Amino acid sequence: MYRAFLFQDEDAHRPVQLADSADDCVKAAVARLVDLSLLTPSKESPGGLRAVDPSRGMRVLLQQEQHELARREHRIKHNTSMLDLLASEYAAVRRQAHSDGVERLYGADHISTRLEALAESCRHESLAFYLEPPAHPDHPADRPTDEPGQAAVPPRLYEQALARGARLRSIYLDGIVRDDATRSHALWTVEHRGEVRTAPSLPLGLLIVDTTAAVVGGLPGEDPESVLLFSGKPVVLAVRALFEAYWDHSDRFPCDDFGEVQADEVTPQERKLLELLAEGLTDGAVARALGISVRTERRKVAELMDRLGVSSRFAAGVQATRRRWI
């Protein structure tokens, strides 16, 4: 295009035609040449353009490039400064969040990711309270639970920890022995050299790894979709002491003779639930006393009423008394 104006002597009308062209591409090319000062208005052909010394246009182009480069360098420096500032603020917030050794984990994915990392780091011992029926060991995703963090660690990671010589101890609520997934999970644990016991009640959901971390769920006043991760050694040791107290007073898991519980039998946890209902406590109060979720408490009440063949809690209390369950 520039050459067409440069060699205009060969066709005097050519520059004027190009300058007045209706073709968008030609108009854009002409406008770009004018911006670069390679074309300037013609004195001989009114309305036309003429070519000028390209070195002048190149100087203009280089100046534009230099200005753009300077602007880009300024933006880079500004963005780098902002990034450094944000990074320092983020680090400060993280330090403050973990200064007391407490981290709050939200959501199933986040919780599972951290629990998996803890299981992979386990070298000596893993301890757990199970408030809910855990997932089947071969199909963990098939059995969601109400309690955050329960059975979120893939069995293969437990196997790896056991292969490293780690000890695995778990306490289940004895009321969930009727659950097939619980029996399967508990038997799988025992078969892999883990130790299992049961208790009529547990205070919270818990996973302890060595003396480095304790994950706690189900605390009163906490978001039910979150758990707390404690990494301060004094707190972890205190939580381990709580586990040991429950371990010493829990019952051996009957893995050698673990048939179905008969319909006319009641577990210690079910007996405790009936006693609390007889006292007139609300679902929430009963759930807190047993260390389970309200949803689980209501499910257990419905199962007991079904076994007793009644449709009201009052009638359940009467029938439970007649059967000497309470």
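User: At what angle do helix H11 and helix H12 pack, and how far apart are their axes?

Analyst: In this predicted model, helix H11, which covers residues 294–308, packs against helix H12, residues 313–322, at an angle of about 60 degrees, and their axes lie 10 Å apart.

User: Which residues of H11 and H12 meet, and what classes do they belong to?

Analyst: From H11 come Glu297, Val301, Met305 and Leu308, and they meet Arg313, Ala316, Gln319 and Ala320 of H12. Sorted by class, this contact has five nonpolar, one polar and two charged residues.

User: What makes H9 and H11 roughly perpendicular to each other?

Analyst: Helix H9, residues 268–278, packs with H11 at an angle of about 95 degrees, and the two axes are 11 Å apart. Because the range from 65 to 115 degrees counts as roughly perpendicular, and about 95 degrees is the angle here, H9 and H11 are therefore described in that way. On the H9 side the contact is made by Gln269, Glu270, Leu273, Leu274 and Leu277, and on the H11 side by Glu297, Lys300, Val301, Leu304 and Arg307. These residues divide into five nonpolar, one polar and four charged.

User: How do H9 and helix H10 cross, and which residues make the contact?

Analyst: The axes of H9 and H10, the latter being residues 283–290, come within 10 Å and cross at roughly 145 degrees, and the crossing is right-handed. Gln269, Lys272, Leu273, Leu276 and Leu277 of H9 make the contact with Val286, Ala289 and Leu290 of H10. By class, the contact has six nonpolar, one polar and one charged residues.

User: How do you know whether valine 196 is buried or exposed?

Analyst: A residue is buried when its relative accessible area is under 20%. Valine 196 has a relative accessibility of 7%, and so valine 196 counts as buried. Valine 196 sits in strand E6, residues 195–199, and, leaving aside residues up to four places away in sequence, touches Ser170, Tyr172, Ala186, Thr189, Val190, Trp247, Arg252 and Phe253. The C-alpha atom of valine 196 is separated by 5.7 Å from that of phenylalanine 253, although the two residues are 57 residues apart along the chain.

User: Is serine 42 buried or exposed, and where is its place in the chain?

Analyst: The place of serine 42 is in the loop between strand E1 (39–41) and strand E2 (49–51). Its relative accessible area is 14%, which is under the 20% cut-off, and so serine 42 is buried. Not counting residues up to four places away in sequence, serine 42 touches Gly48, Leu49 and Arg50.

User: How many helices and strands does the chain have, and what share of its residues is buried?

Analyst: The chain has 12 helices and 10 strands, and buried residues make up 40% of its 326 residues.

Note on methods: Residues are numbered from 1 along each chain as its sequence is written. This is a predicted model: local features need pLDDT of at least 70, side-chain atom pairs count only at pLDDT 80 or more; totals for chains, interfaces and linings use all residues. Side-chain values use heavy atoms; hydrogens and water are left out. Axes are lines fitted to C-alpha atoms, for helices over the stretch in contact, and angles run from 0 to 180 degrees between N-to-C directions. Helices (H or I, at least four residues) and strands (E, at least two) are DSSP runs, numbered from the N terminus. Contact means heavy atoms within 4.5 Å. Ala, Val, Leu, Ile, Met, Phe, Trp, Tyr, Cys and Pro count as nonpolar, Asp, Glu, Lys and Arg as charged, and the others, Gly among them, as polar. Buried means under 20% relative accessible area, exposed over 50%, partly exposed in between (1.4 Å probe, protein chains only). Angles under 35 degrees count as roughly parallel, over 145 as roughly antiparallel, 65 to 115 as roughly perpendicular and the rest as oblique. A crossing is left-handed if the near helix is turned anticlockwise from the far one by less than a right angle, and right-handed if clockwise.
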